[in-house]
Structures are given as C-alpha cells and as structure tokens.
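Me: I would like to go through this structure with you, one topic at a time. Could you take my questions as they come?

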Amino acid sequence: MAKQYFQPEIETMPAEEIKKHQSACLVKQVQHVWDNVPYYRKKMEDAGVTPQDIHGVEDLHKLPFVTKDDLREAYPYGLLAKPLEDCVRIQSTSGTTGRRVVAFYTRHDLDLWEDCCARAIVAAGGTKEDVVHVSYGYGLFTGGPGLNGGSHKVGCLTLPMSSGNTDRQIQFMTDLGSTILCCTPSYAAYLAESIQERGLNDQIRLKAGIFGAEAWTDEMRHDIEEKLGIKAYDIYGLTEISGPGVAFECEEQTGMHINEDHFIAEIINPKTGEVLPEGEKGELVFTSLTKEAFPLLRYRTRDLCVLNRKPCSCGRTHVKMSKPMGRSDDMLIIRGVNVFPSQIETVLLNTGMTPNYQIIVDRKNNSDTFDINVEMSQEMFSDNLAVVSEKEKELVSALKGMLGIQAKVHLVAPKTITRSEGKAVRVIDKRKLY
Ligand code: DLL
C-alpha cells in the first residue's frame, strides 16, 4: 500500500479507540454549536436536550436531526459557528431546486478536508510521483477544490483542468502524462469515448480514476476501466459535510471507508428516524466532529446505503459505506412503483448499451408515461429498423424484469444525448406531482 499520505495511526485505529476519539470530539462539538449557533440551541431546546446530556457517541441519538430545510431556513449565515472573519472560503451546492446551500470553512476546516481527499488519492495508489488531472468543476462546486487540495497534500503534480473543453483535456493528458483522473463518472465515460474516437488510447498514461459526485453502477465502472485501461475508484461526499473525501474506496473496493475521525455515520429508517443496526439499508446521517465553521450534527443526507464494519484487507479500520443505492428524495415513483435510475443503468450496461441515456417521465390522462432514450454505440447504429426494433424489445423486457413496470425504449443515434461535464442529467420528470 502507498504510504506517503496514508495515516496509519488514524486510519487503522482499533474501533474502540475511534469511538473514544469520536465521543471526546462530539462532546466538544455539541458545546461549540450550543454556544455559538442560536439556531442550533433553539433546535436542541425544542428537543429537550442540552450539552450536559451528551457524554459520548452513545448519546448521539438524543440530538435532533438537521435537514436540508434547516439549511435553507438558516441561509446564509444562520448555522455559522465561527465569526465571519475566521472563515476563509465558501462552497455551495448546485441548488437545482430551492435555495442554494452555502457551507463555510476556516483555514483549519480546509486543512482537514484536504487531508480527507489526500487519503482518497493515496488509497487509489497515488504518490508524489503522480500527475493528478482534476476535471471536476472548480468554483463553488467542491469537487475541483477538494481533489486539488488533496493532490497538493500528497505532493502530486496537480493539473487544475476543471471540466469542459475536451480537446484541451486530452491534449494535457497526453502531453503531461496524467496518471490519475478525477472527475464525475459520466465525464470520465465521455472522455474515454473521445479518446477512443481520436485513436489516442496508446498515448494515455492514466492508471487510476477517482470518480464520484453522482450515482454510478459497477457496470459503468467496468466500462470506463476497460476503455481507459485504469482502475476506477469511487469517492463520496457532500458540500454540507465538507465535500469529496467524506468516504473513499481502497483497493479492496467493497465499499467506501468513511473518515471516522472526522465524521460519525448513522443509518436511519427514513420514515421513522429510528437508528438501524449495521448491515441494514437506510438513510445515511452524518455528524461532523472536527469542523469549526459549519459543523452539522445528525445531518440527513437522503442517500440510501448500508454500513459495514467487516475487517478490510487494506488494513483500514474505518467503517465502510456501500455505494449510495439512490436517494430517498430522488427516487422516482412511476405508476406506483419505486424506480431508481441506477437500476436502469445496470440493465442498459448489462445488455451491451452505452451509459448515455435519459429518462423522461410525464403524466397524461392521470397515467404516468415512462420513456427512456438510449444512445446506440457507433457499431450498433444501423438503418435496419428491424434490428433496432428487436433491440428495443429486448431492453423493454429486461427493464420490465428489473423494475416490474413497462417503459418505452427509444434507441437514438450516437451523440444525440447531451454529454455532461459535471453531474449527468439522467431524469426529466415533467409531472406536476405537488
Ligand atoms: O458531489 C461532492 C463530491 C465531489 C463528491 C466530487 C465526490 C466527488 P454535492 O454537490 O453537495 O457534493 O452533492 C452531494 O451527491 O448527497 C450524493 O447524493 C451524491 N454523491 C456524491 N458522491 C457520490 C458517489 C458532491 N460516489 C450528493 N456515488 C450526495 C453516488 C454520490 N452519489
């Protein structure tokens, strides 16, 4: 295992010691928000809890949850726990619906966040000899700045490419010999396709990719790995809890280690709020233990996943989270059936299709329509309507097997679905449901 930024004293700490560390941090953090954030104090008072009730991790369940609604209500400064003059950075979510969420960082917060991203780079085999090509967006989005900071910490040569301008991306990649690519999986798939089209595969030096910020299946992982000749690692995070690096994959690739010295993870039943035992699927909730400026306690992520503490062959002891299996709030309900875009992606890739697709849901005469546009690969593209229609039928049937409902599948010509440079827009839901 690469050792340069691996922090063995922390990342392989026995579970009992991690718990002790978490308890000590939690007690301090609760006092910090109580003293400095009137919004929090009121929330805690309403829940009948004070800092004196919190002695350690075992008391965590007494604290009220924080939700995205709280963040919107308290926007922009209502959850700030440090004076503004101590803050040096903001980052923000994409805010496609409702108000943006703005998160604040002190210098210390940035330092710890970059540590987390550095651990992810090392876990993907990164050392200071690497050339890290960061094609996550820079700016308000946390992807670019997070991986950039982590890469500096590891001592890698860092290419702050940001997203877009694919020709330039590929040129830098070949000229400078990028070895680790960091971007969304959908942009990685697009870059892989563009490199293939230009016949430049043999000039690419990439060995690993660190991909996250959106849901992606193992099928998509294999597709990208094959096209780019790399090993692809997952990375997870969210702006509210710092950004990328909250959790990351090691070489075992059986889930993402959560940086437990900085975050406590819980899984709850999204309907009742009840804490679920290890191994059960539910909504992921995070408590940030070390953040100064914007420390969220029991923040409901809406991401559905499972935690697992089985020993890992990499030696890290931090708990692992599964890939998010959808979000409790972007799950589609079509004709009464729960549908996750990731299920559709699995079917498409298992049946030899490209990962370029778009789901369009509408409602006509009180009945849901469910259409999926799927791009054909160049090889599959054919004017022979009978062949196309046969493939469409096969997909309809495979999707029905997975989802239990019928979708209309439309095979479309290569390159007709808009490529994304950041998070892909997979779903267009035209229904007015609320
Ligand atoms: O997406 C932070 C990030 C940047 C993570 C770069 C990884 C790499 P937000 O824009 O606030 O932050 O979106 C957070 O994205 O709640 C998940 O639903 C989703 N998400 C993030 N990583 C993954 C992943 C960044 N690896 C939201 N797999 C989260 C699936 C992910 N979904």
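**Questions on the model**

Reply: Let us begin with Ser-288. Leaving out residues up to four places away in sequence, Ser-288 touches Gln-29, His-262, Phe-263, Phe-294, Pro-295, Leu-296 and Leu-297. Please keep in mind that this is a predicted model.

Me: Understood. In which strand is Ser-288 found?
Reply: Ser-288 belongs to strand 11.

Me: And is Ser-288 buried or exposed?
Reply: Ser-288 is buried, because its relative accessible area is 0%.

Me: Where does Leu-289 lie?
Reply: Leu-289 lies in the loop between strand 11 (282-288) and strand 12 (299-305). Leu-289 counts as buried because its relative accessibility is 5%, and buried means under 20%.

Me: What does Leu-289 touch?
Reply: Not counting residues up to four places away in sequence, Leu-289 touches Gln-22, Cys-25, Leu-26, Gln-29, Glu-260, Asp-261, His-262, Phe-263 and Ile-264.

Me: What is phi of Arg-298?
Reply: Phi of Arg-298 is near 55 degrees, a positive value in a residue other than glycine. Arg-298 is found in the loop between strand 11 and strand 12. At 2% relative accessibility, Arg-298 counts as buried.

Me: What about phi of Lys-415?
Reply: For Lys-415, which is also not a glycine, phi is positive, near 70 degrees. Lys-415 sits in the loop between strand 19 (408-412) and strand 20. Lys-415 counts as partly exposed, at 40% relative accessibility.

Me: Let us change topic to the ligand. How many residues surround the ligand?
Reply: The ligand is surrounded by 21 residues, of which the closest are Asp-234, Ile-235, Thr-239, Asp-303 and Lys-423. By class, this shell has nine nonpolar, six polar and six charged residues.

Me: Which element gives the largest share of the shell around the ligand?
Reply: That is strand 7 (residues 231-238), from which five residues come.

Me: Which side chain has an N or O atom 2.8 Å from a nitrogen atom of the ligand?
Reply: That side chain is the one of Asp-234. A nitrogen atom of the ligand also lies 3.2 Å from a backbone N or O atom of Glu-214. On the oxygen side, a polar side-chain atom of Lys-423 is 2.9 Å from an oxygen atom of the ligand.

Me: How much of the ligand does the protein bury?
Reply: The protein buries 93% of the 610 Å² that the ligand exposes when taken alone.

Me: What is Tyr-236 in contact with?
Reply: Leaving aside neighbours within four places in sequence, the contacts of Tyr-236 include Gly-243, Pro-244, Met-256, Leu-284, Phe-286, Asp-303 and Met-321. Of these, Asp-303 is also among the residues closest to the ligand.

Me: How many residues of helix 10 are buried?
Reply: Seven of the ten residues of helix 10 (residues 341-350) are buried, so that this helix is mostly covered. The buried residues are Pro-341, Ile-344, Glu-345, Thr-346, Val-347, Leu-348 and Leu-349.

Me: What do the buried residues of helix 10 pack against?
Reply: Their partners include helix 9 (218-228), strand 16 (337-339), strand 17 (357-364) and helix 11 (385-403). Helix 10 is followed by Gly-352, whose phi is positive, near 80 degrees.

Me: One more region. Where is Ser-162, and what lies by its side chain?
Reply: Ser-162 is in the loop between strand 4 (157-160) and helix 7 (166-176). A polar atom of its side chain lies 3.2 Å from the backbone nitrogen of Tyr-138.

Me: Finally, which strand holds Cys-182?
Reply: Cys-182 lies in strand 5 (residues 180-183). Cys-182 is buried, with a relative accessible area of 0%. Beyond residues up to four places away in sequence, Cys-182 touches Val-132, His-133, Val-134, Ser-135, Tyr-136, Leu-147 and Ile-210.

Conventions
Residues numbered from 1 in each chain as written. Heavy atoms only, no water. Near = heavy atom within 4 Å. Polar contact = N/O pair within 3.5 Å; in protein donor to acceptor, adjacent residues only side chain to side chain. Areas by Shrake-Rupley, 256 points an atom, 1.4 Å probe, with all protein chains shown as cover. Helix = DSSP H or I, 4+ residues; strand = E, 2+ residues; numbered from the N terminus. Nonpolar A, V, L, I, M, F, W, Y, C, P; charged D, E, K, R; others polar. Buried < 20%, exposed > 50% of the residue type's maximum accessible area, 1.4 Å probe, protein only. Contact = heavy atoms within 4.5 Å.
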